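Please prepare a briefing on the disulfides and aromatic contacts of the protein shown below.

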Amino acid sequence: MPMSPKVFHYRPASRFRRFSSSPAFPLVCLIFGLAGVLFGLFSITRPARKCPDVEPRAVSFMWDRNEGGGGAGGGVAERHKVMGFVGIQTGFGSVGRRRAIRQTWLPANRQGLLRLEEATGLAFRFVIGKTKDKSKMAALQTEVNEYDDFMLIDIEEEYSNLPYKTLAFFKAAFALYDSDFYVKADDDIYLRPDRLSLLLAKERPTTQTYLGCMKKGPVFTDPHLKWYEPLSNLLGTGYFLHAYGPIYALSADVVLSLVSLRNNSFRMFSNEDVTIGSWMLAMNVNHENNLALCEPDCSSSSIAVWDIPRCSGLCHPEVKMLQLHTKEICSGIPTSSDE
């Protein structure tokens, strides 16, 4: 039975047909068409809301031989997961210090480093910049080829550049390693990796942690400056709390904040530990003070040993490190590649 035409022909449809035949219909279509084009252009050209960029782009850096390569804006290798990454800050004049470290608390070959990483969850690399001296660069390349335990930062290796090198280190380390903590250490301290691992593994009430042996600088150890301390406290002009420079650690969330910084966005001081400390104050992170990171001699709890307050590190590191390592209370379990 054929369907009734009434099923399809409603009055709204007939009104539409009457309107579509009117002279105003093309004008209305034109208006709707132009509105659609304008909306499309607006959607395409307006700035997109982006998530924070977690890849460092402000600092160009080279990577050690076996872990990929790249630079500012270049390709980034997959980040290696570790509990802690320790960057041992070193320089072109510190060949003897690196030799002493490799003879004592740090393995001297890739296999030993990997075993230490498996045992402690910590990865270690010597961190060094570059120089225009071709002979020094050639000597460094020879050492890199022999030991393969470097992170090479694309920044001039000068004392005045230490704050910039430190920032470059944290940015490069964050790009290479997916780590809970990033540790800055100097090449003139005696370190117990096993105890450092236990310290970093502790549960903490916050994810934003600045861990070190804290001081409120300047430290008033000079008797000629004692008169200034009460005046400083009275006037409120004392310096802020910050970690001693030979070793300190930043949690991943804190380093993520550093990664997003432009190099010129925060004040740079002449001392890198003061520089980092001022940034930590601005970021309102949790300061965790641990005196085991700055003990003047080995003990059953010492993590880092150096001659505080006489030297910023061991006073004669190339000799002192070997002496300390002969003491059972210092070395504890063997970590050298010969063991």
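**Disulfides and aromatic contacts**

C298 is buried, with a relative accessible area of 12% (buried means under 20% relative accessible area, exposed over 50%, and partly exposed in between, with a 1.4 Å probe and protein chains only). This is a predicted model, in which local features need pLDDT of at least 70 and side-chain atom pairs count only at pLDDT 80 or more, while totals for chains, interfaces and linings use all residues. Residues are numbered from 1 along each chain as its sequence is written, and side-chain values use heavy atoms, with hydrogens and water left out.

**Disulfides**

- The count comes to three disulfides, a disulfide being a pair of cysteine sulfur atoms within 2.5 Å.
- C298 is bonded to C330, with the sulfur atoms 1.9 Å apart; the link is right-handed, with 110 degrees about the S-S bond.
- This pair links distant parts of the chain, as C298 is in the loop between β8 and β9 and C330 is in helix α12 (residues 328-331), 32 residues apart. Helices (H or I, at least four residues) and strands (E, at least two) are DSSP runs, numbered from the N terminus.
- C330 counts as buried at 1% relative accessibility.
- C213 is joined to C294, at an S to S distance of 1.8 Å. C213 lies in strand β6 (residues 209-216) and C294 in the loop between β8 (286-289) and β9 (304-305), so the bond ties together parts that are 81 residues apart in sequence.
- C213 is buried at 2% relative accessibility, and C294 is buried at 7%.
- C311 and C315 form a disulfide with sulfur atoms 2.1 Å apart, and C311 is partly exposed, with a relative accessible area of 24%.
- In sequence order of the bonded cysteines, the pairing is 1-2, 3-6, 4-5.

**Aromatic pairs**

- The structure holds nine aromatic pairs; rings of Phe, Tyr and Trp (its six-membered ring) pair if their centres lie within 6.5 Å, and planes under 30 degrees apart count as stacked, over 60 as edge-to-face and the rest as tilted.
- The ring centres of W105 and F124 are 6.0 Å apart and their planes are at 65 degrees, so the pair is edge-to-face.
- Both W105 and F124 are buried.
- Ring pairs link F85, F169, F170, Y177, Y210 and Y248 into a cluster.

**Charges over rings**

- The charged end of R79 sits over the ring of F174, 4.3 Å from its centre; this requires NZ of Lys or CZ of Arg within 6 Å of the ring centre and within 35 degrees of the ring normal.
- The charged end of R102 sits over the ring of Y147, at 3.8 Å from its centre.
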